[in-house]
Amino acid sequence: MDRDGRNAEFTEYVAARWARLVRSAVLLGCTPAEAEDIVQAALTRCLVNWSKVRRADDRDAYVHRILFNTFTSARRRHWTRERPVAEVPDQQQVDDTTAYDDSDAIVRSLQRLTPDQRVAVVLRYYAHLSEQQMTVALDAPAGTIKSRLSRALKVLADDPNLSEFRGAS
Amino acid sequence: MTDHDLAHLLERSADRTSVGSPPVPEMLAHADGLRRRRTALRAAVAATSVVAVVGGTALVTAPGTDPAPSPPVDSPAVDLAPPGTRLVGIGHSAIAVPEEWATNALRCGEAEKPTVVIGVTAIEACLWLGAPAVDNVWLEPGLSEPLYPAEDFEIDGVAAQRGPTTCTDADTVDGVEVPRKCTATVYLPTESASYRAEAATEERVEEILSWIRVHPELVALPGYERVNSNHQDDDAGEHYRAALEDAGFVVETVTESQPGGKPGYILGVDPQPGTMAEPGDTVTITEVAEPRGPAEEVSVEVNSVGPGESNFHGLTDAEVRAGATIRIELGATIWTYGSGRRIGTLAGEVSGTALALDDWEEGPNYGHSWVAVERGTSTITITITADGRRVEIGTVTVVVR
């Protein structure tokens, strides 16, 4: 496939998935701006290896795998940066997730999950990946994914924040 | 709460995030740039990969060879390395060493020329008193000796510790001039990385250590135990893959047959350990392949010496399998031996009258050792026995002069 064909295919893919990928990253705990950056970085990596993405048995699973890796490494960077410093920098980063989360019971509940459980819930119930796709995206065995999901659902079911939704369907 | 409720709640919550349009032109332009760099990287790597695999087994037999060629300089990290330097690191930390510095240029554990040292797990057991005082820095995971007294400081906002600079006095030992050398270590606990710099003066040690940086967006390829150090565990490949994936890399595995080698042992990784790369990048590890048959379960050699203790000639496993010819003198001894699972069944069948079985029954190679008794040509067909079947490894032509 030539460059133009590849770029056209990529553009089409991005148009279809961009918003959901960004929102997935927000549900994982990113600020909206951070989410767009991460998805942009992940998709750029996918484009560099587009021939591999095309060949992948499951394109969405592969893209989510790259997204998940990018997200994890961004989190690690955040963690590395968060060292105690003698002087507090003048310009504080505005954490707009807090204000946003406070108005949102489900996001508060997601924060009660372990990072692994949270990723599993978002990929399964928001990105709508199948368990098979999740084994690729998270590079974990199906059994591990199942147990993360079932533990996460248990935590959410016991969460008083979500009590009003319990049983409502 | 049902699955459906949860999906619905997530959907509603996510919908509150307004998402702009995707920056497709930026992604296309950025990807083109990355791809150009990667093509250059691949070309550099293709040229060094053969050396890397040979290096995996070369340290024991050929001291002084460079066991790890320099990492390719044209990598994503190139943007972050100051001009004229390349980054070599552990975790997110890296040191920008001058491009002309070698990698692992060691003799008896001492630097032969300015070099960065990384991933060296076996050092020749020899002493080199007169080693010159040349700039070098050793990178090691963890901290081999506690730093005392340790001074706390920060590198790019990350906690670091530094030990004192110590110097040895210039001296003359057994008529050999031993130069003055100074050394100091910096340790970054969050990266579990230590950097030990050595140079002729305290000032130069200071300068070398000032080249360490933390690059949160990059991560160094972790190292692995080399095959020749015999420390690889039975699941070496599996464990190394996990370490690379933990570091954020996508791992591709290729295998290479290595007679007598243990399947799954790691022969090499591309790019080299210590290379700074972006998480999500693909790295390729080369493992020892499953043997394609019993013949690959052993590694053999043919050697000859004599007459007397001189005139040593040797054939490697590959040469034996390729059907090499060896020329020896009348009166010389020639023998085959090897290693691997079925090596106890090693045998040699001789045709021609130039060779006769060496009848020294106490000899280490009795049964597969011969003496050149007549000028002319003989062949030795080397075999093992697998499940009752005779398996040929190779045939060597022996010309007795």
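## Chain B at a glance

In this predicted model, chain B has 401 residues, and buried residues make up 46% of them. Its secondary structure consists of five helices and 29 strands.

How do the contacts within chain B reach along the sequence? Take the contacts between residues at least 6 apart in sequence: 60% of these join residues at least 24 apart.

## One disulfide

Counting over all chains, you will find one disulfide in the structure. The partners are B:Cys167 and B:Cys182, whose sulfur atoms lie 2.1 Å apart. This bridge ties together distant parts of the chain, 15 residues apart: B:Cys167 belongs to strand 10 (residues 166–168) of chain B, while B:Cys182 belongs to strand 13 (residues 181–188) of chain B. The torsion about the S-S bond is about 110 degrees, so the disulfide is right-handed.

Are the two cysteines buried or exposed? B:Cys182 is buried, with a relative accessible area of 0%. B:Cys167 has a relative accessible area of 28%, which makes it partly exposed.

A:Cys30 is buried at 1% relative accessible area, and A:Cys46 counts as buried at 0%.

## Helix packing in chain A

Now turn to helix 7 (residues 115–125) of chain A and helix 8 (residues 131–138) of chain A, whose axes come within 10 Å and cross at roughly 135 degrees. Angles from 65 to 115 degrees count as roughly perpendicular and those over 145 as roughly antiparallel, and helix 7 and helix 8 of chain A are therefore oblique to each other. Their crossing is right-handed. On the helix 7 side of chain A, the residues that meet helix 8 are A:Val119, A:Ala120, A:Leu123 and A:Arg124; across from them in helix 8 are A:Glu131, A:Met134, A:Ala137 and A:Leu138. Sorted by class, this contact has six nonpolar, no polar and two charged residues.

Helix 7 of chain A also packs with helix 9 (residues 142–157) of chain A, at an angle of about 95 degrees and with the axes 9 Å apart. That angle makes helix 7 of chain A roughly perpendicular to helix 9 of chain A. Helix 7 of chain A contributes residues including A:Asp116, A:Gln117 and A:Val121, and helix 9 of chain A contributes residues including A:Arg148, A:Leu149 and A:Leu153. The contact of helix 7 with helix 9 of chain A divides into six nonpolar, one polar and four charged residues.

## A buried serine

Where does A:Ser24 sit? You can find A:Ser24 in helix 1 (residues 3–27) of chain A. A:Ser24 has a relative accessible area of 1%, so it is buried. Leaving aside neighbours within four places in sequence, A:Ser24 is in contact with A:Val122, A:Tyr126 and A:Ala127.

## Backbone details in chain B

Two cis peptide bonds are worth a look. One runs from B:Asp270 to B:Pro271, with omega near 5 degrees, and B:Pro271 is in the loop between strand 18 (266–270) and strand 19 (276–277) of chain B. Another joins B:Gly306 and B:Pro307, with omega about 0 degrees; B:Pro307 lies in the loop between strand 21 (298–305) and strand 22 (313–315) of chain B.

Which residues other than glycine have a positive phi? One is B:Cys108, at about 50 degrees. B:Cys108 is in the loop between strand 4 (106–107) and strand 5 (110–111) of chain B, and counts as buried at 13% relative accessibility. Another is B:Asp387, with phi near 50 degrees. B:Asp387 is in the loop between strand 28 (376–386) and strand 29 (389–400) of chain B, and is exposed, with a relative accessible area of 70%.

Technical notes: Residues numbered from 1 in each chain as written. Chains lettered and ligands numbered in written order. Predicted model: local features only at pLDDT ≥ 70, side-chain atom pairs only at ≥ 80, totals over all residues. Heavy atoms only, no water. Disulfide = S-S within 2.5 Å. Helix = DSSP H or I, 4+ residues; strand = E, 2+ residues; numbered from the N terminus. Buried < 20%, exposed > 50% of the residue type's maximum accessible area, 1.4 Å probe, protein only. Axes fitted to C-alpha atoms, helices over the stretch in contact; angles between N-to-C directions. Parallel < 35°, antiparallel > 145°, perpendicular 65-115°, else oblique. Left-handed = near helix turned anticlockwise from the far one by under 90°. Contact = heavy atoms within 4.5 Å. Nonpolar A, V, L, I, M, F, W, Y, C, P; charged D, E, K, R; others polar.
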